[in-house]
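This note is intended for a colleague who meets the structure for the first time. Please read the numbered points with the sequence and the model at hand.

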Amino acid sequence: MGYEGHHLSVNPIIDFSMSSLNPGTPEWDAIKSQVLKAGEDYGCFIALLDRLGPEVRKGITNELKHLFDLPTETKMLNLHRLPLSGYVGQLPIVPSYESLGIGDPSSLENIKSFSDMLRPEGRPSFSENVELFTKPAFELESLVKRIVLESLGVDKYLDELKDSTSYNLRVMRYEKLQNVDTDELGLVPHYDKNFITILHQLQSDGLELETKDGEWIKIKPSPGSFIVLFGESFHAWTNGRLRPGGHRVVMSGDQPRYSMGLFSDLKEDFLVKAPDELVDEEHPLIFKHFKFKELVNILVKEVSTIEVPQRCNLCVDAFRNV
């Protein structure tokens, strides 16, 4: 089965590489406007951030190749208390997809512990290379969250959200299984369930975005750039102001595809509740309050199906205020 996508004619690209990006400056105000517009229209954007050069990308790719070449039983040692946050693989719905997760990757020690658990002989280069991604990813996630809250006039909640955030770093491999010329679905259409995802594709092709009209468009970021996706929890917390970024991965060619993502999840019992400032006559409350773990549980049930959705399904619709 082939999966058709269209090239994006107007890329939601935002330049974060400028050194003078400080609050209160014209550059800051311009970035704020662009981020909010991208969030409203696409649910995602490409962030230009000159932090991952060719040698860094090569080093990270080599580490991921070595990691995913480990035996499946070894990779399955990667466990996490939340479902789908440790090792994920061998799923009938996406047989070509594998990923592993590192909890709280802000700590270099946690990254090292993850690597040592899977390879007791040690591989210090893994931690060093992964940290080259996590540092700019953390900075970008924090910056985007601040920009969005400031744009919506609710930045007083920044500290509360910071204290309620739980980070997970996922490394991913997509390997085409069919020896045919047609494209193959690597990851089913979906929305992330968290607040913000910072993705980096080590190969520039494969990721596709669903538009408001249900069309699929191919995202072609430049090497070294990051992709920012807004999740369902942020969509609900902003009372629908931000659109969640629906996406999928379509494989072409016969080479494995590697990528990394920093996921800003929420603590399990965090109550996703739109601030009072974002609820009024013009914007009535869209979703009832819910705990983050309740949303994750709905996702787990969805993944257990063997049906492949053609469009993205909003799990958060289960809490829609009807």
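1. Basis. The model is predicted; local features need pLDDT of at least 70 and side-chain atom pairs count only at pLDDT 80 or more, while totals for chains, interfaces and linings use all residues. Residues are numbered from 1 along each chain as its sequence is written, and side-chain values use heavy atoms, with hydrogens and water left out.

2. Secondary structure and overall form. The protein chain contains eight helices and 14 strands; helices (H or I, at least four residues) and strands (E, at least two) are DSSP runs, numbered from the N terminus. The radius of gyration of the protein chain is 19 Å, which agrees with the value near 20 Å that a compact globule of 322 residues would have. This radius is taken over C-alpha atoms, and the globule rule is 2.2 Å times the number of residues to the power 0.38. Along the principal axes, the C-alpha trace spans about 55 × 45 × 40 Å.

3. Of the 322 residues in the protein chain, 52% are buried (buried means under 20% relative accessible area, exposed over 50%, partly exposed in between, with a 1.4 Å probe and protein chains only). Among contacts with a separation of 6 or more, 78% join residues 24 or more positions apart, where contact means heavy atoms within 4.5 Å. The accessible surface comes to about 14,700 Å², and carbon and sulfur atoms hold 50% of this surface. Accessible areas come from the Shrake-Rupley method with a 1.4 Å probe; for residues, only the protein chains shown count as cover.

4. The largest pocket. This pocket holds about 770 Å³ of space. Its lining has 42 residues, of which L84, Y97, H190, D192 and L299 are the closest to the centre. On a 1 Å grid over the protein atoms alone, a pocket is an open set of points with protein on both sides within 12 Å along at least five of seven lines, a cavity is a set of points where a 1.4 Å probe fits but cannot get out, and lining residues have an atom within 4 Å of a point. Grid points are joined across faces, edges and corners, and a volume is the space filled by probe spheres set on the points.

5. Helix 8 (292-303) gives the most to the lining of the largest pocket, with five residues. Other elements that each supply at least two residues include strand 6 (184-190), strand 7 (196-201) and strand 11 (247-251). By type, the lining divides into 24 nonpolar, 11 polar and seven charged residues. Here Ala, Val, Leu, Ile, Met, Phe, Trp, Tyr, Cys and Pro count as nonpolar, Asp, Glu, Lys and Arg as charged, and the others, Gly among them, as polar.

6. The second largest pocket. About 220 Å³ of space lies here. Helix 5 (124-151) and helix 6 (158-163) each supply at least two lining residues, and the largest share, five residues, comes from helix 5. F138, K145, D159 and Y167 are among the residues of this lining, which comprises three nonpolar, one polar and five charged residues.

7. How many cavities of 30 Å³ or more does a search of the whole structure find? The search finds two. The largest has a volume of about 40 Å³ and is lined by H80, R81, L82, S85, S166, N168, D265 and L266.

8. S85. Is S85 buried or exposed? S85 counts as buried because its relative accessible area is 8%. The residue is in the loop between helix 3 (72-75) and strand 4 (97-103). Apart from neighbours within four places in sequence, S85 is in contact with H80, G101, N168 and R170.

9. Backbone points to inspect. Most residues other than glycine have a negative phi. Q90, which is not a glycine, has a positive phi of about 60° and lies in the loop between helix 3 and strand 4. N239, also not a glycine, has a positive phi of about 55°. N239 is placed in the loop between helix 7 (232-237) and strand 11, and is buried at 3% relative accessibility.
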